[in-house]
Structures are given as structure tokens and as C-alpha cells.
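Please look through the structure below before reading on, and keep it open beside these notes. The points that follow start from one residue and then widen to the chain as a whole.

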Amino acid sequence: MAYISDVSFFNPTHDGTTYEASSELDKNDFLQLLVTQLQFQDPLEPMADTDFIAQLAQFSQLESLSNMSETLDTNSEISYIMSQTIANTMAPSLIGKTVVAAGSEFTLAEEESTEISFNLDASAATVTVNIYDENGDLARTIEMEDLAGGDHTIEWDGTNNSGTALAPGSYSFEVHASTAAGDEIESEERVIGVIEKVKYVDGQAYLIVGGYKVNLSTVIEVVDQGSQATTHQS
């Protein structure tokens, strides 16, 4: 006897109209089909015991899987809420500490230099750092050679490629690194700075570093002292 799988069916209403067809059956649909099968079976040729038991076993498995799925969904929601609550509670204790987080945005203050940090997966023969203004236009390109793998920091003086001082405001950057053979090396832009305060947005805590919001999920490290990254002048 063939078992029911991937079935589409209509449920007629009293006025002859039908609901939209569905190709997915839940446990209630399976039970309805099983009861309907019992109602319309030939009394002279009843369903074999083995077939009936097999279908009951299928229904039992479907019930268990459905309940398990609901339990997992509930546990996931509870775990997320608990983790958010713990993070929001712990966040204020980080004020004043230095944070290292994944990120590429920073603020250029008037007549001041700023530090740009990144991490290299391996030693690089060439490294190019492109800096963009808040409109996404290229503001400065900085090129370096022979950098070891690990953390690095560039001290940018806030000028463009011609040496002209740029307006203070919001900027971002991206890093491209490669070997002498031209193979790309994985790199990651980072935000390193002192946590000035904590800001709550829609119930989620953000660390404010250099005027920017840093999501707790992007934090790599929190230290009491400044970063140990290698600093390069530019």
C-alpha cells in the first residue's frame, strides 16, 4: 500500500467554494486524512493491520517532530532574550575601556589626525588603504609595503592625495592586501578606541566609540590599556 506524501488537496466549504491548495501537511491534516481513510474504506476489505499500524506510527512521528520543533523555537527565543539582557546589563561596565571591534567607520575631527586600524591574516608585500568621505567618494589612498600579519594602525593626518586638509566629518575605509605574487590576503577593518558611553536603541545596547555606535556582536576584544597594534605614520 502506498503511503501519503507531498499531497495537495482542497477543503470544500458549505457553499461549494474551496480554500487554496497546499502542498504541506501538518499533524492535523495527517490525522484528518487518516480518519477519512477509515470512514471510506470498504467494510468487506478493511485496511490490513500492518498498514494501519504503519500509518499510526507515521502520525506519531509527525506529532513528535512537530512538538520538538515548537520546543526548539521557544528555547531559541528564550536564549536570545537572555543573551540580550545579559549584554545590555554588562555593557555599562565597559565604559572607559579600550575596545577592538570589526568596523570601518570613523570620525575625522577638525585639525586633528585620526587612527585607522586593520588586521592582516598573513604578511603582505603591498597594502592599500582607501579612505572615503560620507558621500562614498575616494578621499585618500595610502599605500604601504612589507607588513607582517597581525594588527596595524595608520595615523592619518586628514589630508587628501594632494596634501589638502579635508573637512571634518564621517569617513570610512577599506583595506586591500596582497603577496609579492599578487595573491590576495584576507584583511579586516577594525575600530579601536575608548568606550565613551553606552546607548540603547530599540532595547539593544551599543558602545559609543569615537562618536560611532559599535554593536556588541562585532566586539573582538576589550582591554584596559590601548591597543598593541603596530602604528604607521601617514
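1. A starting residue. Leaving aside neighbours within four places in sequence, Asn130 is in contact (heavy atoms within 4.5 Å) with Leu138, Arg140, Thr141, Ser172, Phe173, Glu174 and His176. Asn130 is found in strand 4, where helices (H or I, at least four residues) and strands (E, at least two) are DSSP runs numbered from the N terminus. With a relative accessible area of 13%, Asn130 is buried, a word that here means under 20% relative accessible area, while exposed means over 50% and partly exposed in between, with a 1.4 Å probe and protein chains only. Asn130 and Phe173 are 43 residues apart in sequence, yet their C-alpha atoms are 5.5 Å apart in space.

2. What kind of model this is. This is a predicted model, in which local features need pLDDT of at least 70 and side-chain atom pairs count only at pLDDT 80 or more, whereas totals for chains, interfaces and linings use all residues. Residues are numbered from 1 along each chain as its sequence is written, and side-chain values use heavy atoms, with hydrogens and water left out.

3. Confidence. The pLDDT, which is the predictor's confidence in each residue from 0 to 100, averages 76 over the chain, and 59% of the residues score at least 70. Confidence is highest in strand 4 (residues 124-133), at a mean of 97, and lowest in strand 13 (residues 230-233), at 58. Over residues 1-14 the pLDDT stays under 50, and for this stretch the model has 30 contacts beyond four places in sequence.

4. The chain overall. The secondary structure comes to 2 helices and 13 strands, and 28% of the 234 residues count as buried. Among contacts with a separation of 6 or more, 65% are between residues 24 or more positions apart. The accessible surface, computed by the Shrake-Rupley method with a 1.4 Å probe and, for residues, with only the protein chains shown counting as cover, comes to about 14,900 Å², of which 50% belongs to carbon and sulfur atoms.

5. The nonpolar cores. A nonpolar core is a set of buried Ala, Val, Leu, Ile, Met, Phe, Trp, Tyr and Cys residues joined through side-chain atoms within 4.5 Å. The largest has 20 residues, and those with the most contacts inside it are Phe118, Val127, Val129, Ile131, Met144 and Trp156. At least two residues of this core come from each of strand 2 (105-108), strand 3 (114-120), strand 4, strand 5 (138-147), strand 6 (150-156) and strand 7 (169-178). Apart from this core lies another, of 11 residues, among them Leu94, Val198, Leu207 and Val209.

6. Aromatic rings. Rings of Phe, Tyr and Trp (its six-membered ring) pair if their centres lie within 6.5 Å, and planes under 30 degrees apart count as stacked, over 60 as edge-to-face and the rest as tilted. By this rule the count comes to 4 aromatic pairs. One of them joins Phe106 and Trp156 edge-to-face, at 6.0 Å centre to centre and 90° between the planes, and this pair links distant parts of the chain, with Phe106 in strand 2 and Trp156 in strand 6, 50 residues apart. Phe106 is buried at a relative accessible area of 8%, and Trp156 is buried at 0%. Trp156 and Tyr171 form an edge-to-face pair as well, at 5.6 Å and 75°. Ring pairs link Phe106, Trp156, Tyr171 and Phe173 into a cluster.

7. Two residues to check by eye. Most residues other than glycine have a negative phi. Glu111, although not a glycine, has a positive phi of about 55°; Glu111 sits in the loop between strand 2 and strand 3 and is exposed, with a relative accessible area of 79%. Asp146, also not a glycine, has a positive phi of about 50°; Asp146 lies in strand 5 and counts as exposed at 64% relative accessibility.

8. A link across the sequence. Ser93 is found in the loop between helix 2 (49-90) and strand 1 (98-102), and is partly exposed, with a relative accessible area of 45%. Ser93 and Lys197 are 104 residues apart in sequence and 9.8 Å apart in space, C-alpha to C-alpha.
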